[in-house]
Amino acid sequence: YKKKSGYQGNPYQKEIATDIEFTKEQVEEYIKCSQDPVYFIKKYIKIVTLDKGLEPFGLYDYQEDIVEKIQNNRYVIAKLPRQTGKTTTIVAWLVHYVLFNQNVNVAILANKLKTATEIMKRLKEAYEYLPKWLQQGVIEWNKTSIALENGSRVMASATSASAVRGGSYNVIFLDEFAHVPPNVADEFFTSVYPTITSGQTTKVLIVSTPNGLNMFYNLWQGATKKPGQEGNNEYVPIE
């Protein structure tokens, strides 16, 4: 079993088009990881903590619930307080998604470009700490975009109507959406949302701390209504 991989110039990444020999155990582990994102995250994703530095990402029960809901649903909205690891949890799932799916495009959008690039930085760090036999080769590795040898790509930008216009995305992750200015949020959904939802497997992940009455609030209210109730929408709520 062999896999092409790589990126020159970084000791934590493989070089492009390098054949990697898999052991039988690694093949079995690769398949298991591909089928179970929670298993993959708990065993292979590492994060940097303030107290202990680099350590495995031991998911709490509610974080496992986030991963499973994202994995099994197209539309997810999460209302969570700060310092709950919500963004790190979704970043870990995104690493799994781009590794084990070919030719998928992911957009990371946040209320500020600085926040979006920080999320991208976390994703890149988690990727580099993976064993090399689990990695895909890296073709592009920039501050706001990466491209892998399996054809998958990730981009980071501030949330705006123009951020993903004209592109084709399989997953859009909207971080701190309640803190996006109302006019920007309205324009984003009006111009971009129909394109996103036209696919059969596209996902939209909306995560935020609450911030008054706005589009995030309205989407959350709709998500928490029972099917058949007026105003109910397709989003699966997490809090």
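Let's start with asparagine 103, which counts as exposed because its relative accessibility is 54%, and anything over 50% falls in that class. Keep in mind that we are looking at a predicted model. Asparagine 103 sits in the loop between α4 and β6, the strand covering 105–110. Its phi is near 55 degrees, a positive value in a residue other than glycine.

Now hop over to glutamine 83, in the loop between β5, residues 75–79, and α4. Glutamine 83 is not a glycine either, and has a positive phi of about 60 degrees. Is glutamine 83 buried or exposed? With 81% relative accessibility, glutamine 83 counts as exposed.

Please find tryptophan 93 and tyrosine 97. Across the whole structure, a search finds 12 aromatic pairs. Why do we call tryptophan 93 and tyrosine 97 stacked? Their ring centres are 5.1 Å apart and the planes meet at 25 degrees, so the pair is stacked; the cut-off for that label is under 30 degrees. Tryptophan 93 is buried, at 0% relative accessibility, and tyrosine 97 is buried too, with a relative accessible area of 10%.

For another geometry, turn to phenylalanine 188 and phenylalanine 189. That aromatic pair is edge-to-face, with 5.7 Å from centre to centre and 70 degrees between the planes. Both of these phenylalanines are buried.

There is a cluster of rings to show you as well: ring pairs link Phe22, Tyr30, Phe40, Tyr44, Phe100 and Trp133.

Phe40 brings us to the packing. The largest nonpolar core has 52 residues, and Phe40, Ile45, Leu94 and Val95 have the most contacts inside it. Which element gives the largest share of this core? That is α4, with 10 residues.

What does isoleucine 45 touch? Leaving aside residues up to four places away in sequence, isoleucine 45 touches Phe40, Glu55, Pro56, Phe57, Ala92, Val95, Ala126 and Leu130. Apart from this core lies another, of 26 residues, including Ile77, Ala107, Ile172 and Tyr235.

Definitions and conventions
Residues numbered from 1 in each chain as written. Predicted model: local features only at pLDDT ≥ 70, side-chain atom pairs only at ≥ 80, totals over all residues. Heavy atoms only, no water. Phe/Tyr/Trp six-rings, centres within 6.5 Å; stacked < 30°, edge-to-face > 60°. Buried < 20%, exposed > 50% of the residue type's maximum accessible area, 1.4 Å probe, protein only. Core = buried A, V, L, I, M, F, W, Y, C linked by side-chain atoms within 4.5 Å. Helix = DSSP H or I, 4+ residues; strand = E, 2+ residues; numbered from the N terminus. Contact = heavy atoms within 4.5 Å.
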